[in-house]
Amino acid sequence: MERIGGDVVGMGDVDTLPLPAERRRGSHRRGWYMVIAAALGLAIVSWVTNITTEAQLAGQADGFLGVRSTFSKLANSGTAWAGLGIACGWLVRRPLPAAAAGIVGSLLSLVAHYVFGRLSGMFTANIWAENLEWFVAAIIFGGPLGLIGALARRPGAWGLAARLVVPLGAVLEPFVVGMFALHPMMSAPQHLSSMATAITLIIGGVAMGAAVLVDATKPRREFH
């Protein structure tokens, strides 16, 4: 909820309020700055949580390996990366810029992630060719995800549906990718981290979805 002019409005109503031209331009710039910050933030978190020590590889730090793997799987989940595209669209508000922001934010985060990995010695020079499909996916899906983010600012059924995309994705992802499945090639810490990731996504998705639905039931004030 946000307070504007002494009145409380819901998260689906803010974009319907008229803004002066100068304020719109300032908001637009801030939105793009936040897109860059969000993209770099996810890139850094996903890179840092992928760093593996020799002790982890040797089985001498299984507890730390399990915790690190859980954070890594969360940061590298489809929910997190799709959520980035949606968040970028939300941040710049308007449909066309939102579509562009979804693509730019996704591509920037991928590039930064692999650049950090190359500079730290985590990735080889082949990392770009080996992960080309992720760049193609960012170009194809970044625009629609950004549009969902812009739509999420709108009131009504479509805006509500857009705001539920990330929570629904978080709940479904563990089942779609088989996070609860037992794979013979995975170590015990990896199994535990997969289950911890699945539970975290499901609980987080339910909590976010409930918050969205509760907000949608609150009375709205019309502005003229």
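Q: How do the axes of H4 and helix H9 cross?

A: Axes are lines fitted to C-alpha atoms, for helices over the stretch in contact, and angles run from 0 to 180 degrees between N-to-C directions. Helices (H or I, at least four residues) and strands (E, at least two) are DSSP runs, numbered from the N terminus. This is a predicted model, in which local features need pLDDT of at least 70 and side-chain atom pairs count only at pLDDT 80 or more, while totals for chains, interfaces and linings use all residues. Residues are numbered from 1 along each chain as its sequence is written, and side-chain values use heavy atoms, with hydrogens and water left out. Here the axes of H4 and H9 (residues 165-176) come within 9 Å and cross at roughly 170°. H4 is therefore roughly antiparallel to H9; angles under 35 degrees count as roughly parallel, over 145 as roughly antiparallel, 65 to 115 as roughly perpendicular and the rest as oblique.

Q: Which residues of H4 and H9 meet?

A: Contact means heavy atoms within 4.5 Å. From H4, Gly-78, Thr-79, Gly-83 and Ile-86 meet Val-165, Val-166, Gly-169, Ala-170 and Glu-173 of H9. By class, this contact has 4 nonpolar, 4 polar and 1 charged residues. In this scheme Ala, Val, Leu, Ile, Met, Phe, Trp, Tyr, Cys and Pro count as nonpolar, Asp, Glu, Lys and Arg as charged, and the others, Gly among them, as polar.

Q: At what angle do the axes of H4 and H5 cross, and what is the hand of the crossing?

A: The two axes come within 8 Å, with a crossing angle of roughly 135°, so H4 and H5 are oblique to each other. A crossing is left-handed if the near helix is turned anticlockwise from the far one by less than a right angle, and right-handed if clockwise. That of H4 and H5 is right-handed. Its residues divide into 8 nonpolar, 6 polar and no charged. Among them are Trp-81, Gly-85 and Cys-88 on the H4 side and Ala-98, Gly-102 and Leu-110 on the H5 side.

Q: Which residues touch the most other members of the largest nonpolar core?

A: A nonpolar core is a set of buried Ala, Val, Leu, Ile, Met, Phe, Trp, Tyr and Cys residues joined through side-chain atoms within 4.5 Å. Buried means under 20% relative accessible area, exposed over 50%, partly exposed in between (1.4 Å probe, protein chains only). In the largest core, of 16 residues, Val-35, Leu-110 and Tyr-114 touch the most other members. Helices H1 (21-48), H4 (78-92), H5 (95-119) and H7 (132-151) each supply at least two residues of this core, and H4 gives the largest share, 5 residues. Leaving aside residues up to four places away in sequence, Leu-110 touches Trp-81, Trp-134, Phe-135 and Ala-138.

Q: Is Ala-87 buried, partly exposed or exposed?

A: Ala-87, in helix H4, counts as partly exposed because its relative accessibility is 30%. Between Ala-87 and Leu-145 there are 8.5 Å in space, C-alpha to C-alpha, and 58 residues in sequence.

Q: How many helices and strands does the protein have?

A: The protein has 10 helices and 2 strands. Of its 224 residues, 37% count as buried.
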